[in-house]
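I opened a new model today and kept notes as I went. The entries follow the order in which I looked things up.

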Amino acid sequence: MAMLHTVNKSPFERRALDSALRHAVKGAGILLIEDGVYAAFDGTVVSAKVKAALTDHKIYVLGPDVNARGMTEKNVIDGLEVVDYGGFVDLVTEYDKVQAWL
Amino acid sequence: MAEPEPWEDDEPQGPVRKFMYVNRRAPYGTIYALESLEVVLIAAAFEQDVTLVFMDDGVYQIKKEQNTDAIGVKNFSPTYRALEGYDVEKLYVEKESLESRGLTTDDLIVPVQVIDKDQVAELMEEQEVILSF
């Protein structure tokens, strides 16, 4: 299968998500964790970019990190999948490889 | 009139300076937000003139309804509500930062004044000490 790219930096502060999206081939998965989850919320200046990326990628976001930051599934852009820690592990096993964009 | 307690004695008060704390980081990915809060409380204990500004990702520090149960980190956001008790009441949020993140003051855990970037700049000019986190 394809590669899973994890992104843990805020898209408002760092370019990790941009770099990941630029290098992720069609079919690759993107998993937003830690401060990377700020890219998952609707109504921000980066949400259009994330929605556009859904054409070529499955995008996941880690629920515990969403809740810690005062957000819920309702704030998450439609089409993104919220996963828990067990789901994180499942993704790591489902994809061939994992690349962490720090 | 009661006698002053020993700890209320005539110890001279130092000068009061205008301190501004500029909070620009999200709350849990790094330690900056928590460290800033600790230092704000120290300045407040010394009865300094304290102003807080939340801008860039710092606006996320005061997002309502943070629930850190599942990440194993203490939720320190209720502490911002205690600042009033330390006479820290000058809390400002930069309008542009709030809007670019799709947030409004209804999303925030404490009452704040929303000011634009030019007003933030003016406020900075008025300070004697600016600490950035």
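**Entry 1: a helix and its length.** I take the expected span of a helix as 1.5 Å times one less than its number of residues. The model is predicted, and I kept that in mind throughout. I applied the rule to helix 1 of chain B, which has 14 residues. From its first C-alpha to its last, helix 1 of chain B reaches 20 Å, close to the 20 Å expected.

Entry 2: Which residues of helix 1 of chain B are buried? I found B:Ala33, B:Ser36, B:Leu37 and B:Val40. They lie on the same side of helix 1 of chain B, because they cover an arc of only 100 degrees around the axis. I then turned to the other side of helix 1 of chain B, where B:Glu35, B:Glu38, B:Ile42 and B:Ala45 are exposed. I also looked up what the buried residues pack against: strand 1, strand 2 and helix 2 (78-82) of chain B. After helix 1 of chain B comes B:Glu47, with a positive phi near 55 degrees.

**Entry 3: chain B as a whole.** I counted four helices and five strands in chain B. Read from the N terminus, the elements of chain B go β-α-β-α-β-α-β-α-β. The C-alpha trace of chain B spans about 55 × 40 × 25 Å along its principal axes. Of the 133 residues in chain B, 29% are buried. I checked contacts in chain B between residues at least 6 apart in sequence, and 72% of them join residues at least 24 apart.

**Entry 4: the sheet of chain B.** In what order do the five strands of the open sheet in chain B lie? I read 4-3-2-1-5, with parallel pairing. The edge strands are strand 4 (113-115) and strand 5 (129-132) of chain B, and each pairs on one side only. On average, neighbouring strands of this sheet are turned by 25 degrees against each other, direction ignored. I then followed one pair. Strand 1 (residues 18-23) and strand 5 of chain B pair in the parallel sense over four bridges. B:Tyr21 has B:Leu131 in strand 5 of chain B as its bridge partner.

Next I looked at the helices on this sheet. Helix 1 (residues 32-45) of chain B packs on the sheet and touches strand 1, strand 2 (49-54) and strand 5 of chain B. The direction of helix 1 makes about 165 degrees with that of strand 1 of chain B. Helix 4 (residues 117-125) of chain B lies across strand 1, strand 2, strand 3 (90-94), strand 4 and strand 5 of chain B. Helix 4 runs at about 140 degrees to strand 3 of chain B.

**Entry 5: three residues of chain B.** I picked B:Glu96, which sits in helix 3 (residues 95-100) of chain B. B:Glu96 counts as partly exposed, because it has 16 C-beta neighbours inside 10 Å. Leaving out residues up to four places away in sequence, B:Glu96 touches B:Asp116 and B:Lys117. B:Glu96 and B:Val39 are 57 residues apart in sequence, and 26 Å apart in space, C-alpha to C-alpha.

Most residues other than glycine have a negative phi. I noted B:Glu65, whose phi is positive, near 60 degrees. B:Glu65 is in the loop between strand 2 and helix 2 of chain B. With 13 C-beta neighbours inside 10 Å, B:Glu65 counts as partly exposed. B:Asp87 has a positive phi near 60 degrees. I placed B:Asp87 in the loop between helix 2 and strand 3 of chain B. Is B:Asp87 buried or exposed? It is exposed, with 12 other C-beta atoms within 10 Å.

**Entry 6: chain A and the contact.** I moved on to chain A, where five strands form an open sheet in the order 4-3-2-1-5, with parallel pairing. Strand 4 (81-83) and strand 5 (97-101) of chain A each have a single partner strand, so one side of each is left without a neighbour in the sheet. Strand 1 (residues 3-7) and strand 5 of chain A pair in the parallel sense over five bridges. A:Met3 has A:Lys97 as its bridge partner in strand 5 of chain A.

Last, I looked at where the chains meet. The contact takes 17 residues from chain A and 18 residues from chain B. The side of chain A that touches chain B has six nonpolar, five polar and six charged residues.

Technical notes:
Residues are numbered from 1 along each chain as its sequence is written. Chains are lettered from A and ligands numbered from 1 in the order in which they are written. This is a predicted model: local features need pLDDT of at least 70, side-chain atom pairs count only at pLDDT 80 or more; totals for chains, interfaces and linings use all residues. Two strands pair if DSSP finds at least two bridges between them. Helices (H or I, at least four residues) and strands (E, at least two) are DSSP runs, numbered from the N terminus. Axes are lines fitted to C-alpha atoms, for helices over the stretch in contact, and angles run from 0 to 180 degrees between N-to-C directions. Two residues are in contact if their C-beta atoms, placed from the backbone, lie within 7 Å. A residue is buried if 20 or more other C-beta atoms lie within 10 Å of its own, exposed if 12 or fewer, and partly exposed in between; C-beta atoms are placed from the backbone. The arc is that of the directions from the helix axis to the C-beta atoms. Ala, Val, Leu, Ile, Met, Phe, Trp, Tyr, Cys and Pro count as nonpolar, Asp, Glu, Lys and Arg as charged, and the others, Gly among them, as polar.
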